[in-house]
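Dear colleague,

Please find below the structure that I am handing over to you. My findings follow it.

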Amino acid sequence: MQGKEERSTREKTMTDRKDYSLLRHNTFGIDAKCKRFIEYDTVEEAQQVAQMLTEADRPLLILGGGSNLLLTADYDGTVLHSGIRFLEQIDECHIRCGSGYVWDDVVAYCVENGLYGAENLSIIPGEVGAGAVQNIGAYGVEVKDLIVSVEAVEIETGRIRHFTNAECEYSYRQSKFKHAWQGRFLITAVTYKLSTTYAPKLDYGNIRAALAAKQIDFPTATELREVISEIRNAKLPDPKVLGNAGSFFMNPIVPTQKYNELARQYEGMPHYTIDSEHEKIPAGWLIEQCGWKGKAMGRAAVHDKQALVLVNRGGATGSEVVHLCETIQHDVRQKFGIEINPEVNIR
Ligand code: EPU
């Protein structure tokens with residue numbers, strides 16, 4: 001068994017702070033505080049946290065890298081964060097990672113060690129636990145395609161639970177952790193199955209065009225990771241420079257009949273076929289058609305290179321971003337008769 005532990009030699013103790021600023025914990029760069037902030041570094045600590053929480057600590061917000069979060073006010077409750085950081089290779093194609101491990105470090109490990117299937121999920125911000133809640137996805141791959149099982153501590157009982165992929169009920173940007181199980185579990189680890197056979201997925205969007213521009217016919221996994229990173233970096237703002245949470249909205253899935261009506265009106269409208277009765281339409285395209293690309297409302301704005309991304313131009317409050325979000329939703333509803341919903345967790 002190969003192992004990679006990130007625990008310092010000096011024994012760490014659980015972080016437990018009062019009136020704690022979440023500025024460092026959300027990529028939107030919103031300066032909000034929470035009443036209590038707890039970070040646990042082991043499964044045992046997660047169990048201790050489950051046991052010590054009382055009604056006075058609620059509501060609870062379980063946070064990953066904060067890359068999919070918009071805080072609209074100070075959080076009048078407890079924020080829980082996993083500091084469980086390890087990656088171990090269990091056998092030829094399975095790896096098990098702590099929920100606080102940085103997702104892109106998982107992808108890097110896989111690419112460097114001949115484990116294939118995660119390349120297209122390169123440089124998605126965030127951590128392993130949140131990735132399993134959100135079912136992160138990009139360029140035709142979703143993390144549910146790789147997840148075997150999820151380990152968690154049940155907050156109510158402190159018991160350790162193991163969930164299979166099927167039990168998590170994954171679908172596009174959804175899982176049971178976001179719905180029926182919301183706020184019930186502290187995810188501690190995720191096990192993934194990769195492949196030792198390299199079968200790159202190159203057919204999504206402009207991957208092939210980007211490879212052709214570099215005169216690469218058949219990329220190595222490292223080259224594919226580089227190209228994916230370049231495509232993302234060209235469209236998605238760096239949160240260190242411009243606060244944002246990646247795609248702000250989910251791409252709406254509409255009945256085929258609705259799609260056909262719109263396609264007749266808007267020639268060349270991009271779409272992805274889901275099944276014989278549903279089509280997915282890029283929200284970024286809908287928002288751009290409404291004239292919002294690059295436009296601002298106060299200190300919140302729509303990114304000029306990808307209209308699906310809302311940005312904080314500096315000092316925006318969460319409410320300003322929500323106001324912009326609602327205005328865009330209204331305009332898309334008026335123009336297309338389509339409801340677009342935030343992917344970002346608004347608190
Ligand atoms: N488009 C526009 N205008 C825009 C943005 C997009 O016309 O401002 C059009 C593009 O030309 C293209 C289509 O919309 O025809 C799709 O655009 P893109 O490939 O950039 O992907 P997306 O559907 O906008 C989704 C994910 C991204 C992921 C990319 C690539 C969601 C909500 N978003 O975006 O995920 O990186 O596909 O797979 O599904 C994230 O979740 O934070 C994220 C960045």
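**The ligand and its surroundings**

Domain 1 (1-235) and domain 2 (243-346) both contribute residues to the shell around the ligand, so the ligand lies between them; the domain bounds come from an automatic or database domain assignment. Please note that this is a predicted model, in which local features need pLDDT of at least 70 and side-chain atom pairs count only at pLDDT 80 or more, while totals for chains, interfaces and linings use all residues. Residues are numbered from 1 along each chain as its sequence is written, and side-chain values use heavy atoms, with hydrogens and water left out.

The ligand is surrounded by 25 residues, each with a heavy atom within 4 Å of it. Among the closest are Y139 and Y172. A backbone N or O atom of Y139 lies 2.5 Å from an oxygen atom of the ligand, and a polar side-chain atom of Y172 lies 2.7 Å from an oxygen atom of the ligand. The protein covers 82% of the 820 Å² of accessible area that the ligand has on its own (Shrake-Rupley method, 1.4 Å probe).

**Aromatic pairs**

The whole structure holds 17 aromatic pairs (ring centres of Phe, Tyr or Trp, the last by its six-membered ring, within 6.5 Å; planes under 30 degrees apart are stacked, over 60 edge-to-face, the rest tilted). The rings of F163 and F185 have centres 5.0 Å apart and planes at 75°, so this pair is edge-to-face. F163 has 4% relative accessibility and therefore counts as buried (under 20% relative accessible area, 1.4 Å probe, protein chains only). Ring pairs also link F163, F177, W181 and F185 into a cluster.

With kind regards

Key:
Polar contact = N/O pair within 3.5 Å; in protein donor to acceptor, adjacent residues only side chain to side chain. Buried < 20%, exposed > 50% of the residue type's maximum accessible area, 1.4 Å probe, protein only.
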